[in-house]
Amino acid sequence: MSSLEEGPILFSRLLAIALLLLVSAECVSAASNVRVIDGDTIELDSVRYRLHGIDAPEAGQQCKAADGSEWACGQAALHKMESLVLGHGVICTPHEKDLYGRWIASCVADGIDVNREMIASGLAWAFRKYSVDYVAVEEIAHAGHVGIWQAETETAWDFRAHKWGDATSSGTPVRCPIKGNINSKHEKIYHVPWSTDYAKTKIDPRKGERWFCSEGEAVAAGWRSPQWGR
């Protein structure tokens with residue numbers, strides 16, 4: 001091979017290596033910017049996305065097992081979400097914003113449909129109130145008694161409703177049970193009645209802490225929800 005032929009070949013090889021390094025760097029960057037909030041919510045590049053069409057167990061929720069015992073389905077959903085998105089290139093396609101300013105989105109991690117995978121693994125319900133996109137996938141998981149389908153158990157929305165009812169009937173100020181806490185880092189974080197830290201969170205108005213009647217009200221006032229995952 002002549003030196004004239006070697007020049008273009010060497011250039012092509014160097015260009016291919018440079019492009020490979022660039023793609024790898026972009027994937028690492030994308031992965032490093034993903035944070036898991038809970039089993040159906042993530043942050044990507046500081047933008048919060050609530051996954052479209054699914055409703056995962058809350059972080060502190062327990063579900064019924066086939067043998068009649070209980071298992072930490074909320075933590076299982078959280079860890080499943082972490083396994084799907086952390087360390088992977090994630091792309092979210094937003095649909096619309098919810099009442100709390102989060103984008104409702106469909107997310108893909110290295111080509112895997114994250115929304116669908118949470119349903120298929122039995123670690124989220126199809127949120128039929130808002131979408132029927134994952135109903136067929138849910139029916140397969142249900143038939144296989146996977147995850148939340150191994151026994152009759154309380155749905156995430158019923159769990160939230162009964163926790164809300166318990167809190168509003170227990171004498172909280174003007175029936176507004178959401179606790180707007182300010183932590184040691186001076187971060188404003190609100191805790192809803194189904195939060196794992198709800199019972200131990202105390203409100204001190206002298207520190208600027210307060211009660212809220214809705215999550216929308218808390219968000220508008222500058223508070224954010226807790227992050228349960230990594």
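Which residues of H5 are buried? They are Ala156, Phe159, Arg160, Ala167 and Thr168. Look down the axis of H5 and these buried residues fall within an arc of 155°, so they line one face of the helix. An α-helix has 3.6 residues a turn, so residues three or four places apart point the same way. As for what sits against them, the buried residues of H5 pack against strand S4 (54-55) and strand S10 (125-126).

Now try helix H4, residues 135-143. Val135, Val137, Glu138 and Ala141 are buried here. Seen down the axis of H4, they fall within an arc of 155°, so they line one face of the helix. Over on the other side of H4, you'll find Ala136, Ile140 and Ala143 exposed. The cover over the buried residues of H4 includes helix H3 (114-120) and S10. After H4 comes His145, which has a positive phi, near 55°.

Leaving out residues up to four places away in sequence, Val135 touches Ala126 and Arg128.

How much of strand S3 is buried? Four of its five residues (the strand runs over residues 47-51) are buried, so S3 is largely enclosed by the rest of the structure.

S3 pairs with strand S2 (residues 41-44) in the antiparallel sense, over four bridges. In this pair, Leu44 stands opposite Val47 of S3. The hairpin of S2 and S3 has two residues between the strands, and Asp45 takes a positive phi there, near 55°. S3 also joins S8, this time running parallel, through three bridges. Here Leu51 has Ala105 in S8 as its bridge partner.

## Strands S7 and S8

Follow S8 and you get to another pairing. Strand S7 (residues 90-97) and strand S8 (residues 103-109) are antiparallel, with seven bridges between them. Ala105 turns up again here: in S8, it stands opposite Pro94. The hairpin of S7 and S8 has five residues between the strands, and Gly101 takes a positive phi near 85°.

Back in strand S3 sits Arg48. Is Arg48 buried or exposed? Its relative accessible area is 16%, so Arg48 is buried. Its side chain makes a polar contact of 2.8 Å with the side chain of Glu43. Leaving aside neighbours within four places in sequence, Arg48 is in contact with Ile37, Thr41, Ile42, Glu43, Arg102, Trp103 and Ser225.

Glu209 is another one to find, in the loop between strand S12 (188-191) and strand S13 (210-212). With a relative accessible area of 4%, Glu209 is buried. Which backbone nitrogens lie by its side chain? The backbone nitrogen of Ile182 lies 3.0 Å from a polar atom of the Glu209 side chain, and the backbone nitrogen of Asp204 lies 2.7 Å from one. Not counting residues up to four places away in sequence, Glu209 touches Gly180, Asn181, Ile182, Lys202, Ile203 and Asp204.

What is the mean pLDDT of the protein chain? It is 86, and 84% of the residues reach 70 or more. Over residues 8-12, though, the pLDDT is below 50, and this stretch has one contact in the model beyond near neighbours in sequence. Residues 14-30 also stay under 50, and the model has four contacts for them beyond four places in sequence. Where pLDDT is low, the predicted coordinates should not be read in detail.

How values were computed: Residues are numbered from 1 along each chain as its sequence is written. This is a predicted model: local features need pLDDT of at least 70, side-chain atom pairs count only at pLDDT 80 or more; totals for chains, interfaces and linings use all residues. Side-chain values use heavy atoms; hydrogens and water are left out. Two strands pair if DSSP finds at least two bridges between them. Buried means under 20% relative accessible area, exposed over 50%, partly exposed in between (1.4 Å probe, protein chains only). The arc is that of the directions from the helix axis to the C-beta atoms. Contact means heavy atoms within 4.5 Å. A polar contact is a pair of N or O atoms within 3.5 Å; within protein, one must be able to donate a hydrogen and the other to accept it, and residues adjacent in sequence count only if both atoms are side-chain atoms. pLDDT is the predictor's confidence in each residue, from 0 to 100.
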